[in-house]
Amino acid sequence: MLNSAEKISYEKIEKDAIQIWKECLSIIKENIPFISYSTWFLPIKPAEFNGTTLKVYVPSNYFIEWIEEHYNTLLNKTVNQVIGETGKLVYLILDEKENFKDDITHVVSQLETKENKQSEPVEKEFESGLISKYTFDNFIKGEGNQLARAAAYAIGENPGQTSFNPLFIYGGVGLGKTHLIHAIGNKILEKYPDKRVIYISSDAFTVEFVEAIQSNTVNEFSNFYKNMDALIIDDIQFLVGKEKTQDLFFHIFNTLHQSGKQIILSSDRSPKELKGLSDRLVSRFLWGLQTDIQPPDLETRIAILKNKSESYGINLSREILEYIAHNITSNIRELEGCLVKLLANASLTNREIDFDLVKRTVKEVSTTKQVNISIELITKTVCEHFDIEENKLREKNRRKEIVLARQIAMYLSKQLTKSSLKTIGLHFGGRDHSTVIHAQTSIEEMILSDLKLKETIESIKNKIEMTVG
Ligand code: ADP
Ligand code: MG
């Protein structure tokens, strides 16, 4: 006769490690917050089961320590319930190359509960946050995005294995940064379905962090990210001024980087221009590859429009494509916006898309934007960028950096608003219209030879345009 414990073990002998571990997971999941569950238990993989002993692979010793310290009781209960009171759990530690290194036994204390839980299918670990429509296939190559795309593609193929770690993609709004970094994530998962990839904007990251502080789960929060194979953070510029979040991110960055995990970041400006970000973070951003995305040239704009319109199921003539691409030059989001507006206009008025409608739509799209940009906004953005007080631009201050900032603000006011020279002059301490002209020509001359200045102005301009959306 088998005693009851033997009987339970005997029944379990048939089941393989995967099934047993699944059952364990379903109990664990019920008993702890999801983030703890996905941080500490989902990375554990079943190895073997011999009827009484379940061997599982864990990523590191640290893992075991944490689990044993925090979830000892839960583990006892789980092992007792699933395997029975003679059940044993043995951890096998994997080193970085996934070779077996060591084993450690979890000592199960005997518990009363023996009832058996039915197994449930394991749910998806966590939301990757990736948008599946953003792929390399529908990302049009062009001169402006060539390097960024090539690096992104290489990482998608071999995450953590290239020298592009971190990959830092920067550039103006609507140029394809978000698309490209999603494409990397999607590619990694396509090639390596088991890898843990997560996409998050730096804003959402900050919000989650604050919530973690409030609910006392900062450790779980940070460990969740430290356990990724690829961490993708969009719009990292929003970490500027958020020192606590930066600190935490710094530690996550180090852990991931040290263990050869891939980090991918996007920003509206280059690392060096990220004023208000700690130096130690900026210096780490420089470890890998920083590459920008430039506004698309005419041919690329046409190709993107063609591709997009075809995806909507319409065929636009070359003439129409060229007209739109000639007139909307700033970024791809606007190109898309124009196309959508064109479709809307056509369906609203129940008209074919003819040249006349295209012209009207382009005009509509390109004027709405300028109305929203004010000289105040320009002044504010320029001053923020150079970290100077706004009234300095209105005073008679002749310090070199103030003069430059003032001239840039005037130049951008002329470019981005419909204000007259006179109005612009008035905004900057009642200066004469000839001063505005002078500012304009000086900047135009300077950016011909000073590439850095040109980039700075582009980045300020992008920031302004982003603010008005
Ligand atoms: P960013 O993050 O730089 O502001 P997005 O990645 O959001 O820009 O791109 C804006 C829109 O333009 C998205 O819909 C994206 O799919 C599209 N887009 C950008 N670059 C390309 C490209 N090279 N090919 C096709 N679509 C693109
Ligand atoms: Mg974006």
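**Entry 1: R280 and D247**

I began with R280, which is partly exposed at 34% relative accessibility. I was working on a predicted model. I looked for a charged partner and found D247; the two side chains form a salt bridge, 2.8 Å from N to O. I then checked where the two residues sit. D247 belongs to helix 9 and R280 to helix 10, residues 279–285. They are 33 residues apart, and the pair links distant parts of the chain. I looked up D247 as well: it is partly exposed, at 38% relative accessibility.

**Entry 2: D229 and K261**

Next I took another pair. D229 and K261 meet through their side chains in a salt bridge, with 3.6 Å from N to O. Here I found both partners in loops. D229 lies in the loop between helix 8 (218–226) and strand 7 (230–234). K261 lies in the loop between helix 9 (243–258) and strand 8 (262–267).

Is D229 buried or exposed? I noted a relative accessible area of 16% for D229, so it counts as buried, the limit being under 20%. K261 has 23% relative accessibility, so I put it down as partly exposed.

**Entry 3: K306 and E310**

I moved to helix 11, residues 298–311. K306 forms a salt bridge with E310 there, and their closest N and O atoms are 2.9 Å apart. How far apart are K306 and E310 in helix 11? They are four residues apart, which means a separation of about one helical turn. I read a relative accessible area of 41% for K306, which is partly exposed. E310 is also partly exposed, at 40%.

**Entry 4: the count and a network**

I then searched the whole structure for salt bridges and got 15. Some residues are joined in a network: I found E157, K187 and K191 linked by salt bridges.

Last, I looked for cavities. How many cavities of 30 Å³ or more does the whole structure hold? I found one. The largest cavity holds about 50 Å³ of space.

I listed its lining. G142, E143, G144 and N145 are among the lining residues. L175, I293, Q294 and P296 also line the cavity, as do T300 and I332. I sorted the lining by type and got four nonpolar residues, five polar and one charged.

Technical notes:
Residues numbered from 1 in each chain as written. Chains lettered and ligands numbered in written order. Predicted model: local features only at pLDDT ≥ 70, side-chain atom pairs only at ≥ 80, totals over all residues. Heavy atoms only, no water. 1 Å grid on protein atoms, 1.4 Å probe; cavity = no way out; pocket = protein on both sides within 12 Å on 5 of 7 lines; lining within 4 Å. Points joined across faces, edges and corners; volume = space filled by probe spheres on them. Nonpolar A, V, L, I, M, F, W, Y, C, P; charged D, E, K, R; others polar. Salt bridge = Lys/Arg side-chain N within 4 Å of Asp/Glu carboxyl O. Helix = DSSP H or I, 4+ residues; strand = E, 2+ residues; numbered from the N terminus. Buried < 20%, exposed > 50% of the residue type's maximum accessible area, 1.4 Å probe, protein only.
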